[in-house]
Amino acid sequence: MLNDIMGLPFFYPAVWLLICACLFGFLQSLFPLDPTPRPIRRDIWMDIGYWMLGPSVYASIGAFLIGAGFIVLFGGNLDAAVAWSNTGAPWLADWPLWLQALGVLIVTDISLYWTHRLFHSNALWRFHAIHHAPETLDWLHSVRFHPINLIFHSIFANAVALWIGFPPAAVAVLAPFNVLYSTMVHANLNWTFGPLRHVFASPVFHRWHHTGADEGGSKNFAATFSFLDHLFGTFYMPKDQKPMNLGLTDRDMPSNLLGQWLYPLMPSEPQQAKDAPAKPTTVQ
(Lines give C-alpha, C1' and ligand atoms only; values in the text may rest on other atoms or scores of the structure.)
Protein backbone atom coordinates (compact mmCIF):
# COMPACT_ATOMS: atom_id res chain seq x y z
CA MET A 1 0.00 0.00 0.00
CA LEU A 2 2.77 2.43 0.96
CA ASN A 3 4.66 1.63 -2.23
CA ASP A 4 1.52 2.34 -4.24
CA ILE A 5 1.12 5.71 -2.56
CA MET A 6 4.79 6.61 -3.07
CA GLY A 7 4.43 5.69 -6.72
CA LEU A 8 1.79 8.34 -7.31
CA PRO A 9 3.11 11.26 -9.43
CA PHE A 10 2.05 13.83 -6.83
CA PHE A 11 3.54 12.07 -3.78
CA TYR A 12 7.03 13.60 -3.72
CA PRO A 13 5.88 17.13 -4.65
CA ALA A 14 3.34 16.89 -1.82
CA VAL A 15 6.04 15.78 0.63
CA TRP A 16 8.30 18.64 -0.36
CA LEU A 17 5.40 21.07 -0.17
CA LEU A 18 4.71 19.96 3.40
CA ILE A 19 8.39 20.17 4.39
CA CYS A 20 8.79 23.67 2.94
CA ALA A 21 5.48 24.88 4.40
CA CYS A 22 6.54 23.83 7.90
CA LEU A 23 10.15 25.00 7.62
CA PHE A 24 9.76 28.33 5.85
CA GLY A 25 6.39 29.18 7.37
CA PHE A 26 8.13 28.92 10.75
CA LEU A 27 11.23 30.85 9.67
CA GLN A 28 9.17 33.64 8.11
CA SER A 29 7.36 34.08 11.42
CA LEU A 30 10.70 34.48 13.24
CA PHE A 31 12.75 36.54 10.76
CA PRO A 32 10.36 38.43 8.47
CA LEU A 33 11.76 41.11 6.19
CA ASP A 34 8.28 42.56 5.78
CA PRO A 35 6.48 42.07 9.13
CA THR A 36 3.14 43.36 7.81
CA PRO A 37 0.46 40.84 8.84
CA ARG A 38 -1.22 39.46 5.74
CA PRO A 39 -4.22 37.17 5.32
CA ILE A 40 -3.82 33.93 3.40
CA ARG A 41 -3.45 34.86 -0.25
CA ARG A 42 -6.44 34.13 -2.46
CA ASP A 43 -4.09 32.88 -5.18
CA ILE A 44 -2.34 30.39 -2.91
CA TRP A 45 -4.14 27.54 -4.68
CA MET A 46 -2.54 28.56 -7.96
CA ASP A 47 0.94 28.30 -6.45
CA ILE A 48 0.06 24.90 -5.01
CA GLY A 49 -1.07 23.93 -8.50
CA TYR A 50 2.29 25.00 -9.91
CA TRP A 51 4.05 23.03 -7.18
CA MET A 52 2.06 19.83 -7.68
CA LEU A 53 1.72 19.84 -11.48
CA GLY A 54 5.22 20.94 -12.34
CA PRO A 55 7.20 17.71 -11.83
CA SER A 56 4.69 15.51 -13.65
CA VAL A 57 4.27 17.93 -16.56
CA TYR A 58 7.95 18.75 -17.07
CA ALA A 59 9.60 15.40 -16.31
CA SER A 60 8.95 13.81 -19.70
CA ILE A 61 9.83 17.02 -21.54
CA GLY A 62 13.08 17.28 -19.61
CA ALA A 63 13.97 13.66 -20.32
CA PHE A 64 13.33 14.22 -24.04
CA LEU A 65 15.49 17.36 -24.08
CA ILE A 66 18.37 15.63 -22.31
CA GLY A 67 18.12 12.49 -24.46
CA ALA A 68 17.98 14.49 -27.69
CA GLY A 69 21.06 16.43 -26.62
CA PHE A 70 23.02 13.24 -26.02
CA ILE A 71 22.07 11.87 -29.43
CA VAL A 72 23.20 15.08 -31.13
CA LEU A 73 26.46 15.17 -29.14
CA PHE A 74 27.32 11.62 -30.17
CA GLY A 75 26.22 11.97 -33.78
CA GLY A 76 23.41 9.45 -33.46
CA ASN A 77 25.56 6.78 -31.79
CA LEU A 78 22.96 5.50 -29.32
CA ASP A 79 25.29 3.09 -27.51
CA ALA A 80 27.80 5.85 -26.76
CA ALA A 81 25.02 8.27 -25.78
CA VAL A 82 23.47 5.76 -23.38
CA ALA A 83 26.83 4.87 -21.82
CA TRP A 84 27.71 8.56 -21.28
CA SER A 85 24.27 9.38 -19.88
CA ASN A 86 24.38 6.47 -17.41
CA THR A 87 27.92 6.80 -16.05
CA GLY A 88 29.14 10.24 -17.08
CA ALA A 89 32.51 11.13 -18.58
CA PRO A 90 35.45 8.79 -17.85
CA TRP A 91 37.58 11.73 -16.69
CA LEU A 92 35.09 12.38 -13.88
CA ALA A 93 34.84 8.78 -12.71
CA ASP A 94 37.54 9.14 -10.02
CA TRP A 95 36.06 12.28 -8.49
CA PRO A 96 34.28 11.74 -5.16
CA LEU A 97 30.54 12.32 -5.29
CA TRP A 98 30.74 15.53 -3.21
CA LEU A 99 33.24 17.06 -5.68
CA GLN A 100 31.12 16.01 -8.64
CA ALA A 101 28.09 17.62 -6.99
CA LEU A 102 30.05 20.83 -6.38
CA GLY A 103 31.05 20.85 -10.04
CA VAL A 104 27.42 20.41 -11.06
CA LEU A 105 26.38 23.27 -8.76
CA ILE A 106 28.92 25.65 -10.32
CA VAL A 107 28.12 24.63 -13.91
CA THR A 108 24.37 24.85 -13.42
CA ASP A 109 24.59 28.20 -11.64
CA ILE A 110 26.54 29.72 -14.53
CA SER A 111 23.92 28.38 -16.94
CA LEU A 112 21.08 29.64 -14.73
CA TYR A 113 22.64 33.10 -14.52
CA TRP A 114 22.78 33.56 -18.28
CA THR A 115 19.44 31.99 -19.14
CA HIS A 116 17.90 34.17 -16.40
CA ARG A 117 19.33 37.25 -18.08
CA LEU A 118 18.01 36.06 -21.44
CA PHE A 119 14.50 35.76 -19.99
CA HIS A 120 14.77 39.42 -18.99
CA SER A 121 15.22 40.43 -22.62
CA ASN A 122 12.21 41.71 -24.56
CA ALA A 123 11.95 38.55 -26.65
CA LEU A 124 11.43 36.25 -23.66
CA TRP A 125 10.24 38.62 -20.95
CA ARG A 126 6.54 37.70 -21.05
CA PHE A 127 7.40 34.07 -20.24
CA HIS A 128 9.35 35.25 -17.19
CA ALA A 129 7.00 38.07 -16.17
CA ILE A 130 4.70 35.46 -14.61
CA HIS A 131 7.32 34.93 -11.92
CA HIS A 132 7.71 38.66 -11.27
CA ALA A 133 4.03 39.63 -11.25
CA PRO A 134 3.19 39.08 -7.53
CA GLU A 135 3.23 42.25 -5.44
CA THR A 136 4.02 40.19 -2.35
CA LEU A 137 6.67 37.51 -2.21
CA ASP A 138 6.94 34.43 -0.02
CA TRP A 139 8.43 30.96 -0.18
CA LEU A 140 5.56 29.50 -2.20
CA HIS A 141 6.22 31.86 -5.12
CA SER A 142 9.45 29.97 -5.84
CA VAL A 143 7.57 27.62 -8.18
CA ARG A 144 5.56 30.16 -10.18
CA PHE A 145 7.23 29.75 -13.56
CA HIS A 146 5.88 29.36 -17.08
CA PRO A 147 6.68 25.89 -18.52
CA ILE A 148 8.88 27.40 -21.25
CA ASN A 149 10.78 29.38 -18.62
CA LEU A 150 11.31 26.31 -16.44
CA ILE A 151 12.34 24.01 -19.29
CA PHE A 152 14.89 26.36 -20.85
CA HIS A 153 16.19 27.59 -17.50
CA SER A 154 16.20 24.98 -14.73
CA ILE A 155 15.93 21.78 -16.78
CA PHE A 156 18.38 23.09 -19.37
CA ALA A 157 20.94 23.83 -16.63
CA ASN A 158 20.84 20.21 -15.45
CA ALA A 159 21.02 19.04 -19.05
CA VAL A 160 24.20 21.07 -19.59
CA ALA A 161 25.82 19.39 -16.58
CA LEU A 162 24.87 15.94 -17.89
CA TRP A 163 26.04 16.72 -21.42
CA ILE A 164 29.40 17.86 -20.07
CA GLY A 165 29.78 14.45 -18.44
CA PHE A 166 28.70 14.74 -14.81
CA PRO A 167 26.99 11.48 -13.77
CA PRO A 168 23.25 11.48 -13.01
CA ALA A 169 23.96 10.72 -9.34
CA ALA A 170 25.83 14.02 -8.97
CA VAL A 171 22.83 15.89 -10.39
CA ALA A 172 20.28 13.92 -8.36
CA VAL A 173 22.07 14.41 -5.04
CA LEU A 174 21.67 18.18 -5.46
CA ALA A 175 17.91 18.02 -5.94
CA PRO A 176 17.00 18.51 -2.23
CA PHE A 177 19.49 21.37 -1.95
CA ASN A 178 18.08 23.09 -5.04
CA VAL A 179 14.50 22.83 -3.77
CA LEU A 180 15.37 24.21 -0.34
CA TYR A 181 17.70 26.95 -1.58
CA SER A 182 15.31 28.24 -4.23
CA THR A 183 12.47 28.25 -1.71
CA MET A 184 14.66 30.00 0.86
CA VAL A 185 15.69 32.90 -1.41
CA HIS A 186 12.03 33.58 -2.23
CA ALA A 187 10.93 33.49 1.41
CA ASN A 188 10.00 36.62 3.32
CA LEU A 189 13.21 36.54 5.38
CA ASN A 190 15.47 39.37 6.50
CA TRP A 191 18.65 37.37 5.92
CA THR A 192 21.45 39.15 4.04
CA PHE A 193 24.20 36.62 4.91
CA GLY A 194 26.44 39.49 6.07
CA PRO A 195 29.89 39.38 4.39
CA LEU A 196 28.89 36.14 2.66
CA ARG A 197 26.29 38.09 0.64
CA HIS A 198 29.07 38.64 -1.89
CA VAL A 199 29.38 34.87 -2.36
CA PHE A 200 25.90 33.39 -1.85
CA ALA A 201 22.46 34.57 -2.88
CA SER A 202 20.30 35.49 0.11
CA PRO A 203 16.56 36.23 0.47
CA VAL A 204 17.24 39.99 0.56
CA PHE A 205 19.57 39.71 -2.46
CA HIS A 206 16.90 37.94 -4.50
CA ARG A 207 14.08 40.17 -3.27
CA TRP A 208 15.86 43.14 -4.82
CA HIS A 209 15.59 41.27 -8.12
CA HIS A 210 11.82 41.30 -7.72
CA THR A 211 11.67 45.10 -7.52
CA GLY A 212 11.22 47.34 -10.57
CA ALA A 213 13.87 47.59 -13.28
CA ASP A 214 14.66 51.10 -12.03
CA GLU A 215 15.78 49.50 -8.75
CA GLY A 216 17.14 45.95 -8.71
CA GLY A 217 14.83 44.25 -11.21
CA SER A 218 17.56 44.07 -13.83
CA LYS A 219 20.19 42.92 -11.31
CA ASN A 220 20.91 39.89 -9.08
CA PHE A 221 20.37 37.07 -11.58
CA ALA A 222 22.36 34.35 -9.76
CA ALA A 223 20.49 31.41 -8.25
CA THR A 224 23.08 30.34 -5.67
CA PHE A 225 26.39 32.16 -6.13
CA SER A 226 26.00 35.93 -5.95
CA PHE A 227 29.66 36.35 -6.90
CA LEU A 228 28.53 35.73 -10.48
CA ASP A 229 26.65 39.01 -10.33
CA HIS A 230 29.81 40.68 -9.05
CA LEU A 231 31.77 39.06 -11.88
CA PHE A 232 29.35 40.24 -14.58
CA GLY A 233 28.48 43.62 -13.09
CA THR A 234 24.91 42.98 -11.96
CA PHE A 235 25.21 42.86 -8.15
CA TYR A 236 22.74 45.13 -6.31
CA MET A 237 22.24 45.33 -2.55
CA PRO A 238 21.95 48.93 -1.27
CA LYS A 239 23.11 49.20 2.32
CA ASP A 240 20.46 49.70 5.01
CA GLN A 241 17.58 49.60 2.52
CA LYS A 242 14.75 47.11 2.21
CA PRO A 243 13.44 45.86 -1.15
CA MET A 244 9.76 46.58 -0.59
CA ASN A 245 8.29 47.65 -3.97
CA LEU A 246 7.65 44.30 -5.59
CA GLY A 247 5.72 43.17 -8.62
CA LEU A 248 6.14 46.38 -10.60
CA THR A 249 6.05 44.66 -13.98
CA ASP A 250 3.28 43.66 -16.37
CA ARG A 251 -0.06 44.70 -14.87
CA ASP A 252 -2.27 42.61 -17.20
CA MET A 253 -1.32 39.23 -15.74
CA PRO A 254 -4.19 36.67 -15.61
CA SER A 255 -5.13 35.45 -12.15
CA ASN A 256 -5.42 31.74 -13.01
CA LEU A 257 -2.88 29.10 -13.95
CA LEU A 258 -4.12 28.37 -17.48
CA GLY A 259 -4.39 32.07 -18.24
CA GLN A 260 -0.80 32.59 -17.12
CA TRP A 261 0.42 29.74 -19.31
CA LEU A 262 -1.30 31.36 -22.31
CA TYR A 263 -0.25 34.88 -21.34
CA PRO A 264 3.04 35.03 -23.34
CA LEU A 265 1.10 34.13 -26.51
CA MET A 266 -1.41 36.95 -26.07
CA PRO A 267 -0.79 40.49 -27.41
CA SER A 268 0.33 42.91 -24.73
CA GLU A 269 -1.85 45.82 -23.66
CA PRO A 270 -0.03 49.01 -24.68
CA GLN A 271 -1.42 51.27 -21.95
CA GLN A 272 -0.60 48.87 -19.15
CA ALA A 273 2.82 48.20 -20.60
CA LYS A 274 3.37 51.95 -20.76
CA ASP A 275 2.45 52.34 -17.09
CA ALA A 276 4.90 49.63 -15.98
CA PRO A 277 8.58 50.44 -15.39
CA ALA A 278 10.84 49.89 -18.35
CA LYS A 279 12.28 46.41 -18.66
CA PRO A 280 15.80 45.55 -19.83
CA THR A 281 15.91 44.98 -23.57
CA THR A 282 19.39 43.54 -24.09
CA VAL A 283 21.73 41.06 -22.51
CA GLN A 284 25.09 42.68 -21.97
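**A close look**

Tutor: Glycine 62 is found in helix α3. Helices (H or I, at least four residues) and strands (E, at least two) are DSSP runs, numbered from the N terminus. This is a predicted model: local features need pLDDT of at least 70, side-chain atom pairs count only at pLDDT 80 or more, and totals for chains, interfaces and linings use all residues. Residues are numbered from 1 along each chain as its sequence is written, and side-chain values use heavy atoms, with hydrogens and water left out.

Start with burial. Glycine 62 has 6% relative accessibility, so it counts as buried. Buried means under 20% relative accessible area, exposed over 50%, and partly exposed in between (1.4 Å probe, protein chains only).

Side chains of opposite charge can pair when their charged atoms come close. A salt bridge is a side-chain nitrogen of Lys or Arg within 4 Å of a carboxyl oxygen of Asp or Glu. By this rule, the count is 2 salt bridges.

Take aspartate 47. Its salt bridge is with arginine 144, and the closest N and O atoms are 2.8 Å apart. Aspartate 47 lies in helix α3 and arginine 144 in the loop between α6 and α7, so the pair ties together parts 97 residues apart in sequence. Both aspartate 47 and arginine 144 are buried. For arginine 144, the relative accessibility is 3%.

Next comes aspartate 43. It forms a salt bridge with arginine 144 too, with the closest N and O atoms 2.9 Å apart. This pair links distant parts of the chain, 101 residues apart: aspartate 43 sits in the loop between α2 (11–30) and α3 (44–73), and arginine 144 in the loop between α6 (125–132) and α7 (147–164). Aspartate 43 is partly exposed, at 25% relative accessible area.

Aspartate 47 bridges to arginine 144, and salt bridges that share partners join Asp43, Asp47 and Arg144 into one network.

Finally, step back to the chain. It has 13 helices and 0 strands. Of its 284 residues, 45% are buried. Contact means heavy atoms within 4.5 Å. Among contacts with a separation of 6 or more, 73% come from residues 24 or more positions apart.
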